[in-house]
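Morning, everyone. I'll take charges, then rings, then surface. Here is the structure.

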Amino acid sequence: MSEFLSQSAVWGTLLTLAAYALGMWVNRKTGKALCNPLLIASVFLIAFLSLCRIPYPEYKASASPISYLLLPATVSLAIPLYEKWELLEKNALAILAGIFTGTVTSIGCIVLTALVFRLDHAYAVSLLPKSVTTAIGMDIAKELGGIATLTSAMIVLTGIVGNLLAESICKWFRITDPTARGIGIGTGSHAIGTAKALQMGETEGAMSSLAIAVAGLITAVLAPIAASWI
Amino acid sequence: MKYIFQFARILAFCALGELLHMLLPLPIPASVYGLVQLLLALKLRIVALEQVKEAGTFLSAIFPMLFVPAVAGVMELWGDLARILIPVLIALFPVTVLVIGITGRTVQSLMGRKEKEHV
């Protein structure tokens with residue numbers, strides 16, 4: 001088995017596609033938000049790798065064609081954004097104010113949590129950029145003396161939470177406008193949340209991708225200030 | 001061939017993004033530079049929508065799946081996460097809910113739309 005795996009160039013990609021197909025199948029059968037394809041696929045993969053004692057780095061290397069597409073897919077988010085340009089221009093102020101408020105809320109809550117639990121500085125700054133996209137967040141954590149891998153895990157888990165709860169949160173807070181929904185999801189749960197926003201609608205998806213970029217930039221400016229308090 | 005060329009154009013903007021990321025000393029990832037540059041190119045009509053549309057739509061459709069390898073990476077970090085479990089759970093659940101909710105409410109009320117009460 002392990003000999004085959006180390007010789008085969010495609011198993012990681014194939015396993016990822018199979019896991020995601022399984023996730024979609026379970027999602028269709030149950031129709032429950034908790035049975036999210038991304039979550040099911042990831043849980044299945046973790047279980048499979050652990051049971052077969054396959055080290056994660058080996059899987060990661062073999063699944064690199066999948067991760068490779070992340071960059072072009074993120075850049076392509078410019079397309080829905082371009083198609084929704086008028087909506088963006090008309091509501092520019094509300095959108096910017098919303099993303100700023102959300103980013104301050106995120107950083108403020110983490111600072112409070114860190115103070116209450118007396119977290120070590122390294123742990124606290126690793127949690128700070130948890131709502132922004134991995135690439136920006138990991139750079140911020142490294143810059144501030146945090147643990148970059150811990151930050152990336154927090155970012156990924158935050159994205160999963162946002163992806164799972166996005167529709168419910170919009171209900172709880174009575175957010176009905178597609179632009180407001182998209183901006184909220186993107187600010188709170190970056191690209192993984194955006195994957196959900198894209199499924200909710202074109203406007204949601206476009207606004208969510210915009211929020212990823214803007215929230216990332218605002219966090220890059222505010223996080224160093226917050227880091228000096230914890 | 002049309003789709004290959006569309007994909008090539010998108011990759012060209014990825015490369016431009018990587019170049020800016022290398023040249024500028026800011027903590028902004030290549031993907032955000034690429035996104036902004038493609039948006040500008042579309043706005044300024046350097047690239048027409050039809051020249052990237054289908055390939056871009058395909059990439060958006062498979063977007064959630066692309067995160068599976070990264071999410072599975074969490075399996076290597078149970079130790080660190082368990083050590084600060086309660087702050088981690090607070091950061092994950094209530095904070096994320098608050099951020100999405102407050103952001104959405106702020107945008108919605110500033111846009112001055114009428115709310116539909118029965119959602």
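**Salt bridges**

B:Arg83 and B:Asp80 pair through their side chains in a salt bridge, 3.2 Å from N to O. The term means a side-chain nitrogen of Lys or Arg within 4 Å of a carboxyl oxygen of Asp or Glu. Both residues sit in helix 5 (residues 78-83) of chain B, three residues apart, about one turn of the helix. Helices are DSSP runs of H or I, at least four residues, numbered from the N terminus. B:Arg83 is exposed, at 57% relative accessible area. Cut-offs here: buried is under 20%, exposed is over 50%, partly exposed is in between, with a 1.4 Å probe and protein chains only.

A word on the source. This is a predicted model: local features need pLDDT of at least 70, side-chain atom pairs count only at pLDDT 80 or more, and totals for chains, interfaces and linings use all residues. Residues are numbered from 1 along each chain as its sequence is written, chains are lettered from A and ligands numbered from 1 in the order in which they are written, and side-chain values use heavy atoms, leaving out hydrogens and water.

The count is six salt bridges over all chains. Another one joins A:Lys84 and A:Glu202, closest N and O atoms 3.5 Å apart. That pair links distant parts of the chain, 118 residues apart: A:Lys84 is in the loop between helix 7 (78-83) and helix 8 (85-90) of chain A, A:Glu202 in helix 14 (residues 202-227) of chain A. A:Lys84 is buried, at 19%. A:Glu202 is exposed, at 56%.

**Aromatic rings**

How many aromatic pairs does a search of the whole structure find? Four, over all chains. Rings of Phe, Tyr and Trp (its six-membered ring) pair with centres within 6.5 Å; planes under 30 degrees apart are stacked, over 60 edge-to-face, the rest tilted. A:Phe44 and A:Phe48 have centres 6.0 Å apart and planes at 35°, so they are tilted. They are four residues apart in helix 3 (residues 37-51) of chain A, about one helical turn. B:Phe63 and B:Phe67 are edge-to-face, at 5.2 Å and 70°. Both are buried.

**Nonpolar patch**

Last, the surface. A:Val116, A:Phe117, B:Leu85, B:Ile86, B:Leu89 and B:Phe93 make a nonpolar patch of about 550 Å². Patch residues have over 30% relative accessible area and no salt bridge; nonpolar side chains (Val, Leu, Ile, Met, Phe, Trp, Tyr) are joined within 5 Å, like charges within 9 Å. Areas are Shrake-Rupley, 1.4 Å probe, with only the protein chains shown as cover for residues. Helix 6 (residues 85-92) of chain B gives the most, with three residues.

Conventions
Helices (H or I, at least four residues) and strands (E, at least two) are DSSP runs, numbered from the N terminus.
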